[in-house]
Amino acid sequence: MRILAFICCLCAMTHPGQGIAARPDRGQPAIEGKVWGALIHATAASSDAAKTSTTAPVIRDLQQRLAKVFPEHGRFEIIGEHLQDVFREYESWVVPSKDIFLKVDSKGPAPGGGINLHLQFWRDQQVLVKTDTILKPGSPLFIGGPKWRDGRLIFVLVLQE
Amino acid sequence: MPASPAPEPAEIPDTELVKRSQAGDSRAFDLLVTRYRGRIYAMTYHMIQNETEAWDLAQEAFIKAWRALPGFKMDSAFYTWLYRIAHNGTYDWLRKKKIQGDGEFDDSRTEHKIAAGAETAPYADAAPDEALKNAELGEKIRAAIAQLSADHRQVIIMREIEGMAYDEIAAAIPCSIGTVMSRLFYARKKLQELLKDTYENAK
Amino acid sequence: MKTPSEDHDLIRWLDDELPPLERERFVTRMNADPILRGEAEAMRELARELRAHLPKTLPVPHADFFNSQIQVRIAREENPSRASRTPAGSWLEWFRLPGLALGAAAAALVFGATFAWQHESLKNSLVLTTYAPDPGVTAQTWFSDDAQATVLMLDGLEEMPADRPLVGFLREANAERQMLAVALQNEHGTPYARPRPDAVPLTANLGE
């Protein structure tokens, strides 16, 4: 129940225009860009399940690209996905799953395109890693996360073109 | 006669470190960070009760202080000035998050566990069961504080933890001394109510 | 019924903010009023407990890293052009900081930028710094030419319990949220939780 409440709180935070992070006197916060985040379960099993397209503009050949970085896995299933605006001055949360999610703070545009970001990779109430990252449009960031069941959880973050 | 040795960092007064920091000496500022990080972190932690966010807020306070140092005229103690910066940032964060007063306290936010014997000096030699009891009471107190509104929480922390006088609290918030007294009164009343069962069971 | 002024007197007495004469007057009144006295004693007890259980100072987790990150931020702000153009510049500055060796070891600090890399990575995402609060966790970062992706690999993380179902979301910015429990199956083929009938299936294989 408490975890659910926390997640609901996170959900509210991802919509600051409607929620608590908004400053009513200043309207909607400025948006630096849009990111797509997905939590993926990588397993060794061969890919024999029915193919289903995702709802978001996923980067091209994602499965093949994941397989090159995680060669011990042959099957990549999306557990959840989230298309989220990255706000200037306000934190944004990319929450494809209530269990594993990402806090995104914009540090402004990067020279030559993209956004300077401070990311925090969360599992439940715990920060697993903090990172300063320059995210370039269309250039994915794969975060190899914890093991789960017979595979591994991977977080994919892409700045939309 | 040999030259007197350089003073230990702990002996260098704040004013000296502030002057050096204002001249751009980031190592002097590092000493100020070391000197006050525990107190600033304690304040941010007590205010928001989340270790990660409190850590970030405390760090942000020092960064803001560094940026504002050129304008610091030393008309108050450095710590008082720093505390206000940290407090304003934390209060602003709380307001944005609206953690306060929105229902059930989520004690899973309380990641930071304090060792039972480390809570306070008088309990340092307490027997294990006594120490456990103290730790439990400490948790309950923190849980109760988390249920206060941001306005009430800040006055309680400023008064009870920092030991600030009413006029100092009023200047830090800022608000009138009458408001400080009212908030303190209602905050304590609310805490009494929240901790009523704890005290009754202890009797 | 008490007035706000009487409440304030009680508070001021408790916090030792009453001038001597007013204090004396309040004590006299308190001695004559057992209810007021009881209230005052209860508040004094509460104040004592609060002070005893809320330490004025707390140990800062990863204190060395706390300090060194501030120094890095300061260095970046002092010389933003160099910091933004040359990630390795700030990388070197870390090693001039006091106590870094210990902090770095404890914090599992990894920097992913290299000189050779940066010229080719103008279009690629770049991990500048990583910090894992758990010292048992290591973070490695690189750019995979094959995958055309930036990788941040975390090792030493605690495994997610196998019997824990993961709850996924299908969410778009500024759109209505949907939430569903993912129908991942256990070893007997039994779903841990069933998705809502109207939910979009998320356990999708990525298209090839």
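Hi everyone, thanks for coming. Please keep in mind throughout that we are looking at a predicted model.

With strand S2 of chain A, residues 75-87, S1(A) forms an antiparallel pairing over 12 bridges.

Now to chain B. How many helices and strands does chain B have? The count is 9 helices and 0 strands, and along the sequence the pattern reads α-α-α-α-α-α-α-α-α. Of the 203 residues in chain B, 52% are buried. Taking contacts in chain B with a separation of 6 or more, 64% are between residues 24 or more positions apart.

Glu16(B) belongs to helix H1 of chain B, residues 14-22. Because its relative accessibility is 34%, Glu16(B) counts as partly exposed. Along the sequence Glu16(B) is 12 residues from Ala28(B), and their C-alpha atoms are 8.7 Å apart.

His87(B) is in helix H4 of chain B, which covers residues 78-97. Is His87(B) buried or exposed? With a relative accessible area of 1%, His87(B) is buried. And which residues does His87(B) contact, leaving aside neighbours within four places in sequence? They are Met43(B), Gln154(B), Met158(B), Ala172(B) and Ile173(B).

Then there is Pro174(B), in the loop between helix H7 (166-172) and helix H8 (177-194) of chain B. Pro174(B) has a relative accessible area of 63%, so this proline is exposed. The peptide bond leading from Ile173(B) into Pro174(B) is cis, with omega near -10°. Pro174(B) and Asn88(B) are 86 residues apart along the chain, while 9.9 Å separates their C-alpha atoms.

Chain C has 8 helices and 7 strands. Of its 208 residues, 48% are buried. Among contacts in chain C with a separation of 6 or more, residues 24 or more positions apart account for 36%.

Two helix pairs bring chains B and C together on my slide. For packed helices, we describe the angle between the axes and the distance between them. The crossing of H2(B) past H4(C) is right-handed. On the H2(B) side, the contact residues include Phe29(B), Val33(B) and Arg37(B), and on the H4(C) side they include Phe66(C), Ile70(C) and Ile74(C). The contact between H2(B) and H4(C) comprises 6 nonpolar, 4 polar and 2 charged residues.

The other pair is helix H6 of chain B (residues 150-161) with helix H3 of chain C (residues 34-53), where the axes come within 9 Å and cross at roughly 80°. H6(B) and H3(C) are therefore roughly perpendicular to each other. H6(B) contributes Ile156(B), Arg159(B) and Glu160(B), and H3(C) contributes Ala47(C), Leu50(C) and Arg51(C). That contact of H6(B) with H3(C) has 3 nonpolar, no polar and 3 charged residues.

Last, some backbone details. Arg149(A) is not a glycine, yet its phi is positive, about 50°. Arg149(A) sits in the loop between strand S7 (141-148) and S8 of chain A. In chain C, Gln148(C) also has a positive phi of about 50° without being a glycine. Where is Gln148(C) found? Look in the loop between strand S3 (138-144) and strand S4 (149-155) of chain C. At 38% relative accessibility, Gln148(C) counts as partly exposed.

That's my tour, and I'm happy to go back to any of these places.

Terms used. Residues are numbered from 1 along each chain as its sequence is written. Chains are lettered from A and ligands numbered from 1 in the order in which they are written. This is a predicted model: local features need pLDDT of at least 70, side-chain atom pairs count only at pLDDT 80 or more; totals for chains, interfaces and linings use all residues. Side-chain values use heavy atoms; hydrogens and water are left out. Two strands pair if DSSP finds at least two bridges between them. Helices (H or I, at least four residues) and strands (E, at least two) are DSSP runs, numbered from the N terminus. A crossing is left-handed if the near helix is turned anticlockwise from the far one by less than a right angle, and right-handed if clockwise. Contact means heavy atoms within 4.5 Å. Ala, Val, Leu, Ile, Met, Phe, Trp, Tyr, Cys and Pro count as nonpolar, Asp, Glu, Lys and Arg as charged, and the others, Gly among them, as polar. Axes are lines fitted to C-alpha atoms, for helices over the stretch in contact, and angles run from 0 to 180 degrees between N-to-C directions. Angles under 35 degrees count as roughly parallel, over 145 as roughly antiparallel, 65 to 115 as roughly perpendicular and the rest as oblique. Buried means under 20% relative accessible area, exposed over 50%, partly exposed in between (1.4 Å probe, protein chains only).
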